[in-house]
Every structure is written in structure tokens, then in C-alpha cells.
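Please look through the model shown here with its division into parts in mind, and then with its sheets and charged pairs in mind.

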Amino acid sequence: MSENEVYALEVRNIVKRFPGVLANDHVNFNLRKGEIHALLGENGAGKTTLMNIIYGLYTPDEGEIYVDGKKVEIQSPHDAIRLGIGMVHQHFMLVPVFTVAENLVLGAEPTKGWQLDLKAAREAVRRLSEHYGLEVDPDAVVEDLPVGVQQRVEILKALYREAKILVLDEPTAVLTPQEVEELFVIMRELTKRGVSIIFITHKLKEVLAIADRITVMRRGRVVGTTTPAEATEESLARMMVGREVVLQVPKGPAKPGDVVLEVRDLKVEDERGLMAVNGVSFEVREGEILGIAGVQGNGQTELVEAITGLRSAREGKVLLGGVEAPFRRPRFLIEHGMAHIPEDRQKHGLVLSYSIADNLVLCTYYKPPFAHGLQRNQQAILENARRLVKEYDVRTPSIFTPASALSGGNQQKVIVAREFSRPVRLLVANQPTRGLDVGSIEYIHKRVVEMRDHGAAVLLVSAELDEIMSLSDRIAVMYRGKIVAIVNAGEVDKSQLGLLMAGGQLQPA
Ligand SMILES: Nc1ncnc2c1ncn2[C@@H]1O[C@H](COP(=O)(O)OP(=O)(O)O)[C@@H](O)[C@H]1O
Ligand SMILES: [Mg+2]
């Protein structure tokens, strides 16, 4: 492009500090008219901060913003909207009990009074919806709409306020693969009609599929700008993380030893009293990873909850090191050497309001060295936290920060640090990398393989077939509450596993 191209938006030398963090460190970024510019970076890189500055939610400590080549002051979302900037936040800001049209009018500047505005909004939804292929009913109540459609309402809201620049902050995180495809179609349609889009994500495949240009941020700085034609998943991962990233986990052959976990004829009911796990038996030995593959909702959650002491079973047994484990007694299992990375890290993995230091002793706070009798040893708790935060590379302003303030990847590292720093005979990892960035995924995969190589038995449950295939030594496929096959990894390919997961059968060789 020419030297004096006028950008839809440009920021120069933006600096934003938070206590203990330089969230934006002299950031330069520009957006061409009608382009999709992806902003890629790991959790905590500073993407949302930059967008909040552009949208007037934060004031930068330094730096300048230009819209259409003119320097502007953006001190509130009002200013941003007036300048034609719209934002779809990571967490939607809609009123669930209101209709689509009501949500559009709400917060917009009143022009003719509520009733007339509402009428205008309903017409606008129809018009915009048709124009951009959004397919949204103005009279639908927001809470009744699927997540993908709620997101389109957010986009509509921005368009209704005549946004020419649209910021989408991690829009695909909440979508199914099908909905992601639909969103991409809408994004292309928008740019064809002159809207410029900043698309924030940490997913490499997505930026390569949709972006015109890609800017990568790491630790508050812009690392560089590239295009899908020049980049690969590997090169982008390297830019994001700052070093070579192994997208494939290095792993030697398993050396299975004694049986650590034995599950016998287990039957477990779900919330509605249906038999979610319907007679499951398997073993996991020390030094091996058994992966459980399956489409979500085939009993994996209930199986893991029964094994880890969170749920009772209707029938059957769980034996840990040959000792029968009582159901609903997680502490028994922990004391017998079980570590657990739970599926819902915010509900079962952490106490979000507690500090990182306290979260790191959640299972051991009542024992030496962290307590002697009823006396809590604060010194030991803090030393433990300092050591683990360093060793597991938890990115946090301090060990006193509440867990709620950390990014998903760093929350997961806190759980992994805590669970792996006890003597572990059995590791149960359920969706251990869901929602995490490449750097954290690589890190957690390496640690899981290390656990195996130190002799732990590992039970891995994941809906990501790639994760199952790259980590497991043996793979059990779960379908409708039963294990339909157990195979050696390396003896099946992805399509064969897919077939088993859908209830099919392998042809005998
Ligand atoms: N309101 C805030 N107060 C304190 N620290 C914050 C705040 N918002 C973001 N941060 C910190 O700034 C850094 C960048 O965060 P963020 O912009 O949300 O990253 P990203 O969107 O790339 O995941 C992180 O270390 C985060 O903890
Ligand atoms: Mg963010």
C-alpha cells in the first residue's frame, strides 16, 4: 500500500500499565478499510486491554489513536461509538430477558422516545439482518437464542449504531465448529460492504482461514505483522510464544508396570437418573496413558466423577492400588496418590476468591509442612507458592492475587502445579487443555508425559481427538455409556477412531 494510506484505525505507541503488569508496551497497530485484521496472542498478551482502550473503557498511559487519519480522544464507549467503533465483547453484554430489538434500543441514544425507537429498531434488525445475512428475529427474547445467534445480536447492535470498525474479542471461543463457519461467512459479508474488522483470537487455524493480515502480540508487545500467505501454524506459534513450539508431543514408548487403577463393572447415573455409565471395566497401569475418546456426553463426565470421588456409582467398584475406594470421598483418593485435573476448573479445581498461594495447598493445607495440628504455617505456604509459581511458569502479578484474576491458561497451570507437586500414582486429567493457548497446551502435555515417565498411571479424557492420539498409549472409545473398544495407539488412525466414536465397528483386518 502507498506511504500515505489512510487507515480506518491506527494506534501509535500505546502504553497501559496495571499494578505489576505492563499490559500494553508501546503498541503500534493499524487497520485497513475493509480488511479482517487478526490480533493473535496467548492469554494475557494484552489484546483485550488494547481493544478496551480503543473502545474507551480504559485510558492509555501514553500513545495516540487515529480514526480515518485524524487524531482522536476516546474517553468513553460513547466517544468510540460516535467515531464508528463497535465492540463485541468476550462475554456478551445483552439483557437476557429483553427482545433483540429492545437490546438494540437499550443504551443507544434516545431519539424519538422508547416506543418509536423500538419500532425503528425492529425495522433496522430486519433490514440489517437481511443486508448482511444475519437471520435474526427482532422479537425473539435473547435468552431463548443459541449462543451463536446471541453473538449476531451483538454484531447487529454495533451495526445499528453505524459501526464502520468492528472489534470481535475471541468470538469463536463460545461457538461450535459449525457456528464458527457461519460467523466467518458473516465477517466476509461485512467487509465486502466496507466494515473493517479486528478479529481477536488465540487459534492459529482460524487466523489462517479468515484473516487478511495477522498481528501477533506477546507479553504486551507487538511481535510482528504477517499474512496467511506468508505464515504457517508453526511460524505463528513461534511468534506467539517466543520460541520453537512443538505441536507434536515428544514421547517414548510406554513401560507399563503394575495395575494402579482398576474399574470394574461400573454403572453411574446422571442428574436425571439415566444410566450414563452402563457397565464399564478397564485398567490403567503405572507408566502408561490410557486415553478415553468419545463425543462429549457419552458418559465420560459421570465416569470421571465416579472415579475421582465426586459422584456415587449405582454398581461396580473402583480400586486404587488394589484397595477399594469409597465413592464420594475425594480425600481418600488424594491420600492414596490420586491427582485430578477436573473438567470444570473454575468449579472443581480452584476456589476463585482465594489467593494463588492458598489454591496451591487446597488439598494439603491441613498437613505438615503447611500446618502443625491446628496451627497454620504461613511461611511454608508462601514458600511453596513462590517455588511452584516459578517452576510452573504461572504468569501472575503476585502469589496473593486471587485465582479469579488469572487467565484460563494460568489458572490451569495453578491446578497442574498443585496436583503434580504431591506424590502421584494416578493422574486423572479431564479435558486438561480445553480453552487454552498453544503455549499452555504444549506445557501441560509435556508435564503429563513426564508424569507417566515417572511411573504414574494416567487416565486422560478428552473430546479433542488430536490430543487423545498424540498423548495416549492405549485408547478406549466410549459410546453411549459403554467402552466399545480398547486399542493400542498407533494401530488405529483418526477416521477409524471417528467411526468407533459414532457407534460403528472396525472391519476385521
Ligand atoms: N483491569 C485489569 N487490572 C489489572 N490487570 C489487568 C486488567 N486487565 C488486564 N490485566 C492484565 O493485563 C495483562 C493483559 O491482559 P489482557 O489484555 O486481558 O490479555 P489478553 O486479552 O491478550 O488475554 C494480563 O497480565 C492481565 O492480567
Ligand atoms: Mg482477552
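The paragraphs below go from the domains to the sheets and end with the salt bridges.

This is a predicted model, in which local features need pLDDT of at least 70 and side-chain atom pairs count only at pLDDT 80 or more, while totals for chains, interfaces and linings use all residues. Residues are numbered from 1 along each chain as its sequence is written, chains are lettered from A and ligands numbered from 1 in the order in which they are written, and side-chain values use heavy atoms, with hydrogens and water left out.

The protein chain is divided into domain 1 (9-241) and domain 2 (259-337 + 423-501), with bounds that come from an automatic or database domain assignment. Taken over C-alpha atoms, the centres of domain 1 and domain 2 are 38 Å apart, and the contact (heavy atoms within 4.5 Å) takes six residues from domain 1 and six residues from domain 2. The area buried between the two domains is about 460 Å², with 57% of it given by carbon and sulfur atoms; buried area here is the accessible area (1.4 Å probe) that two parts lose on being put together, summed over both. On the side of domain 1, Glu42, Asn43 and His202 lose the most area to domain 2, and together they make up 63% of what that side buries. Across this interface the rule finds zero salt bridges, a salt bridge being a side-chain nitrogen of Lys or Arg within 4 Å of a carboxyl oxygen of Asp or Glu.

We turn next to the sheets. Helices (H or I, at least four residues) and strands (E, at least two) are DSSP runs numbered from the N terminus, and two strands pair if DSSP finds at least two bridges between them. Four strands form an open sheet in the order 12-11-14-15, with antiparallel pairing, and its edge strands are strand 12 and strand 15 (323-324), each of which pairs on one side only. Strand 11 (residues 259-269) and strand 12 (residues 275-285) are joined over eight bridges; Val259 stands opposite Arg285, and Val263 has Phe282 as its bridge partner. These two strands form a hairpin with five residues between them, and Gly273 in the turn has a positive phi of about 80 degrees. Helix 9 (residues 300-307) lies across strand 11, strand 12 and strand 14 (315-320), running at about 125 degrees to strand 11, where axes are lines fitted to C-alpha atoms, for helices over the stretch in contact, and angles run from 0 to 180 degrees between N-to-C directions.

Another open sheet has six strands in the order 16-19-20-13-21-22, with mixed pairing. Strand 16 (338-341) and strand 22 (482-488) stand at its edges with a single partner strand each, so one side of each is left without a neighbour in the sheet. The twist averages 15 degrees from one strand to the next. Within this sheet, strand 13 (residues 289-293) runs parallel to strand 21 (residues 474-479) and is joined to it by four bridges, and Ile292 has Ala476 as its bridge partner in strand 21. Helix 14 (residues 408-420) packs on the sheet, touching strand 16 and strand 19 (426-430), and its direction makes about 175 degrees with that of strand 16. Helix 17 (residues 494-501) also packs on the sheet, touching strand 13, strand 21 and strand 22, at about 35 degrees to the direction of strand 21.

Finally, a search of the whole structure finds 31 salt bridges. One of them joins Arg474 to Glu288, with the closest N and O atoms 2.9 Å apart. Arg474 lies in strand 21 and Glu288 in the loop between strand 12 and strand 13, so the pair ties together parts that are 186 residues apart in sequence.
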